[in-house]
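Please look at the protein chain shown below.

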Amino acid sequence: MGDDDDIFAQFSGGGGSRGGSGGRSKFRESGGGRRRAPTPEVTTVEKPLPLSLEELFNGVHKKMKIKRKTYDDGSGKRKVEDKILDMDILPGYKAGTKIKFKGVGDQEEGGTQDLHFIVQEKPHDIFKREDDNLRMYVDLDLKEALTGWTRTIPTIDGKKFTLSKGGPTGPGFTETYPHQGMPNSKKSKQRGDMIVEVRVKFPTSLTLAQKTHLKEIL
């Protein structure tokens with residue numbers, strides 16, 4: 001489903017000591033002695049990163065503004081600050097790809113949270129992505145399917161092809177355009193294919209005269 005590509009961007013977590021921590025002790029009584037309570041594990045926060053198919057095709061640089069909770073060095077009180085994260089989306093990234101930032105989230109007792117952005121692919125008006133391939137549909141009425149048709153086929157990078165068939169075309173007919181799909185994020189010079197699939201719209205009803213005429217010619 002997702003890529004194995006993970007970007008691990010190192011950012012300073014910032015913030016200072018927690019101070020008095022609200023008066024709570026980090027030690028617990030244990031049979032007349034005192035032992036240090038276990039330090040909580042730092043959590044990881046995941047956030048969706050919706051991207052258009054064009055952004056995933058071309059690659060894009062994103063700046064994300066986040067709000068993070070830290071502790072004031074002097075007073076130990078909780079405060080909220082803004083932080084800007086820069087990230088590069090490489091051409092060919094897929095839904096599920098994680099872009100990781102270490103130590104940029106909320107400050108906790110055990111450290112500072114990590115933040116993961118998970119790529120989500122926005123629906124496209126024309127194309128449906130299938131791994132590195134792109135599929136699009138051509139809708140024909142019954143007359144076109146039987147007698148012939150011509151369509152202008154767009155590509156994700158703005159080129160245009162003319163596709164035409166002079167004879168009967170059945171539902172599910174496909175035409176493949178090699179190397180006109182999405183780039184591969186691990187192999188920059190490799191692209192998937194573009195697949196054009198035909199859908200035929202059949203009439204919902206026919207008159208008796210139309211049925212008779214079709215029987216005579218088919």
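In soluble globular proteins, nonpolar side chains tend to be buried together. Leaving aside residues up to four places away in sequence, Ile-153 touches Met-136, Val-138, Lys-159, Lys-160, Phe-161, Leu-163, Tyr-177, Met-194 and Val-196; contact means heavy atoms within 4.5 Å.

The model is predicted: local features need pLDDT of at least 70, side-chain atom pairs count only at pLDDT 80 or more, and totals for chains, interfaces and linings use all residues. Residues are numbered from 1 along each chain as its sequence is written, and side-chain values use heavy atoms, with hydrogens and water left out.

The protein chain contains three helices and 16 strands. These are DSSP runs numbered from the N terminus, with helices (H or I) of at least four residues and strands (E) of at least two. Of the 218 residues in the protein chain, 33% count as buried. Buried means under 20% relative accessible area, exposed means over 50%, and partly exposed lies in between (1.4 Å probe, protein chains only). Among contacts between residues at least 6 apart in sequence, 60% join residues at least 24 apart.

One loop to examine lies between strand 13 (149–154) and strand 14 (160–165), and it holds Thr-155. Is Thr-155 buried or exposed? Thr-155 is buried, because its relative accessible area is 6%. Not counting residues up to four places away in sequence, Thr-155 touches Phe-127, Phe-161, Gln-180 and Met-194. The C-alpha atoms of Thr-155 and Gly-181 are separated by 8.0 Å, although the two residues are 26 apart along the chain. The side chain of Thr-155 also makes a polar contact of 2.6 Å with the side chain of Asp-157. A polar contact is a pair of N or O atoms within 3.5 Å; within protein, one must be able to donate a hydrogen and the other to accept it, and residues adjacent in sequence count only if both atoms are side-chain atoms.

A salt bridge is a side-chain nitrogen of Lys or Arg within 4 Å of a carboxyl oxygen of Asp or Glu. Asp-157 counts as partly exposed because its relative accessibility is 32%, and Lys-159 is partly exposed at 34%. The side chains of Arg-191 and Asp-157 meet in a further salt bridge (3.5 Å, N to O). This pair links distant parts of the chain, 34 residues apart: Arg-191 lies in the loop between strand 15 (174–177) and strand 16 (194–201), and Asp-157 in the loop between strand 13 and strand 14. Arg-191 is partly exposed, with a relative accessible area of 23%.

Salt bridges that share partners also join Lys-94, Glu-121, Arg-129, Asp-131 and Asp-132 into one network. Lys-94 is in the loop between strand 6 (78–89) and strand 7 (98–102), and it is buried because its relative accessible area is 17%. The side chains of Lys-94 and Asp-131 are joined by a polar contact of 2.4 Å. Asp-132 sits in the loop between strand 11 (128–130) and strand 12 (133–141) and is buried, with a relative accessible area of 10%. A polar contact of 3.2 Å joins the side chains of Asp-132 and Asn-184. A search of the whole structure finds 17 salt bridges.

The final topic is the surface. The accessible surface of the protein chain comes to about 13500 Å², and 50% of it belongs to carbon and sulfur atoms; accessible areas come from the Shrake-Rupley method with a 1.4 Å probe, and for residues only the protein chains shown count as cover. Leu-146, Ile-217 and Leu-218 make a nonpolar surface patch of about 330 Å². Patches consist of residues with over 30% relative accessible area and no salt bridge, where like charges are joined within 9 Å and nonpolar side chains (Val, Leu, Ile, Met, Phe, Trp, Tyr) within 5 Å. Ile-217 lies in helix 3 (residues 208–217) and is exposed, with a relative accessible area of 54%.
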